[in-house]
Amino acid sequence: GGPSAAVTALAFSPDGDTLYVAGLDKVVREWRRRDGGFVLARTFRVPIGPGTGGAINAIAVSPDGSWLALAGRAPMRGETGFQRTGVIVEAAAFTPEQLEDAGLIYLVNTTDPTGGKVLRGHRGEVRALAFAPAMAKKPPLLVSTGNERVGTRRYGGVRLWNVETGKQL
């Protein structure tokens, strides 16, 4: 039940009893503390798609443990993939839509995995995620940073998100 490819992201739940592990195989494994160790509790695949494109680079758990944020580099529309022909393009030729595809952030509700959300806004691979500390009567806030692209220029972009609404602040 362990990873089938390199592990690139780890995060503990706030109580320390759950460990989330993800990486190049695009599968998130949830390990729960039991009998002095950890046992595999469940696995789920982020809808990054099959094939060699895409990876999960970052994981963050909300302060109350109810949200798991996952991001990395998702395959872009129109590119070659598993059992799918596509095109190979130079970085300067990516459309804005393709770049936004690559920078998706997936929010998983840990108590109801069907209650997830997708955040779209980065224009390129997401490198890191972090939740803000819990604030009374405030919605959870998520900060993300990525390798943004505009034409041939690359820069580090930082974005702040309201997790309840899925909107960028």
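## Gly146 in strand E10

Let's start with Gly146, which sits in strand E10, the stretch covering residues 141-150. Keep in mind that this is a predicted model. Gly146 counts as buried because its relative accessibility is 6%, and the cut-off for buried is under 20%.

What does Gly146 touch once residues up to four places away in sequence are set aside? The list runs to His122, Glu125, Val126, Arg127, Tyr155, Gly156 and Gly157. Take Arg127 from that list: 19 residues separate Gly146 and Arg127 in sequence, while their C-alpha atoms are 4.9 Å apart in space.

Is Ser144 buried or exposed? With a relative accessibility of 1%, Ser144 counts as buried.

The Ser144 side chain has two polar contacts worth a look on screen. One goes to the side chain of His122, at 2.6 Å. Another, at 2.9 Å, links Ser144 to the side chain of Trp161. Leaving out residues up to four places away in sequence, Ser144 touches both of these partners, plus Ile105, Val126, Ala128, Leu129, Gly157, Val158 and Arg159. His122 and Val126 turn up among the contacts of Gly146 and also among those of Ser144.

## The nonpolar cores

Now for the greasy part. The largest nonpolar core has 15 residues, and the members that touch the most others are Val28, Ile59, Leu68 and Leu70. Strands giving two or more residues to this core are E1 (7-12), E2 (18-23), E5 (55-61), E6 (67-73) and E7 (105-109). E5 supplies the largest share, three residues.

Ignoring neighbours within four places in sequence, Ile59 is in contact with Ala9, Leu10, Ala11, Tyr20, Val21, Ala22, Leu68, Ala69, Leu70 and Leu129. Apart from this core there is another one, with 14 residues, including Ala58, Ala71, Leu107 and Trp161. Trp161 is the residue whose side chain makes the 2.9 Å polar contact with Ser144.

If you want a spot to check by eye, look at Thr18, which stands opposite Arg32 in E3.

Notes
Residues are numbered from 1 along each chain as its sequence is written. This is a predicted model: local features need pLDDT of at least 70, side-chain atom pairs count only at pLDDT 80 or more; totals for chains, interfaces and linings use all residues. Side-chain values use heavy atoms; hydrogens and water are left out. A nonpolar core is a set of buried Ala, Val, Leu, Ile, Met, Phe, Trp, Tyr and Cys residues joined through side-chain atoms within 4.5 Å. Buried means under 20% relative accessible area, exposed over 50%, partly exposed in between (1.4 Å probe, protein chains only). Helices (H or I, at least four residues) and strands (E, at least two) are DSSP runs, numbered from the N terminus. Contact means heavy atoms within 4.5 Å. A polar contact is a pair of N or O atoms within 3.5 Å; within protein, one must be able to donate a hydrogen and the other to accept it, and residues adjacent in sequence count only if both atoms are side-chain atoms. Two strands pair if DSSP finds at least two bridges between them.
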